[in-house]
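Have a go at each task before you read its solution.

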Amino acid sequence: KKDICAPIYRKNKKRLLFRVNYYQNRINLEVYHALADGTGALEFLKTIVSIYLTKKYNLVNVNLDYDASLAEKSADSFNKYYKFSIIKKEVEDRSYQIKGEKVEDNRFKAITGTMDTKQILDLAHKYNTTLTGLIVGIYIWAIKENMNLKDKNKSIYIDIPVNLRKYFKSQTARNFFSVLKLKYNQNESLEDIIKYVDNYLKEELKQENLFKRMNRFATIEHNYLVRVVPLFIKNIVLRFANYVERKNLTTSVTNLGVVKMPLEISDYIDSFEVYVSTDRMQLAICS
């Protein structure tokens, strides 16, 4: 028995970077992020579930509609679309940090909730935004409502991962995502916050802006000096960079989007849930 999102990677030990287990009628897939992003992991889970149900109930003609070749699935899409660019670091002010009690033994704690997808989409359309825009807007409003007076001048920074396959032709099962970093430091109504988030997403999700962000990821990897630096030094630098980055982050919102399964097996499936291993409060959503 293991806790949810228990460590997978072990230094100097060769082992699989994913774990599949089950409990009663729940099938779990846990994946180390270096192996795949949310979309790639989800396609793997859908395959596992489909094969299991096909064999258990002797189903026929089940088609996952994911017919990419092995080369397409294993392609490095960052490298495919990479063009050299100069990275400009944006200046960030102090971020608000959500405080709270640690869970016993520093264990991971997951709180799940479900609601009718049509109802929440209707609410999003009422505010003229998307599901992500609505959830992020409500999340910001809730954080602002719980801020102490002394923290009111601090900015809220929210990371929002983006599946680049929707904007650049790719069927890779490897990592192919970017991260938007939304900043909010005003005191407005919920409606105004949602409008602010919606305008930000519309601007940053334009292909040319996503291309710039994607290149920032790839430029470091293609840097010759970075390649020749010994691994132990890279690890020290990356740990420090990660520490600095996390100090400038309040929280994250991950939306895997709509999970579609073949009609032949959908009646056997109750729901999907998604979690991200984290040491701070974070939202993860799927429909």
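Two strands pair if DSSP finds at least two bridges between them, and a strand is a DSSP run of E with at least two residues, numbered from the N terminus. This is a predicted model, in which local features need pLDDT of at least 70, side-chain atom pairs count only at pLDDT 80 or more, and totals for chains, interfaces and linings use all residues. Residues are numbered from 1 along each chain as its sequence is written, and side-chain values use heavy atoms, leaving out hydrogens and water.

**Exercise 1.** Work out in what order the four strands of the open sheet lie.

Solution. Step one: the order is 4-3-5-6, with mixed pairing. Step two: strand 4 (177-184) and strand 6 (282-285) are the edges, since each pairs on one side only. Step three: strand 3 (residues 156-163) and strand 5 (residues 251-255) pair in the parallel sense over two bridges. Here aspartate 159 stands opposite serine 252.

**Exercise 2.** Find which residues arginine 26 touches, not counting residues up to four places away in sequence.

Solution. Step one: locate arginine 26 in strand 2 (residues 26-31). Step two: look for contacts (heavy atoms within 4.5 Å); the partners are Asn21, Glu273 and Tyr275.
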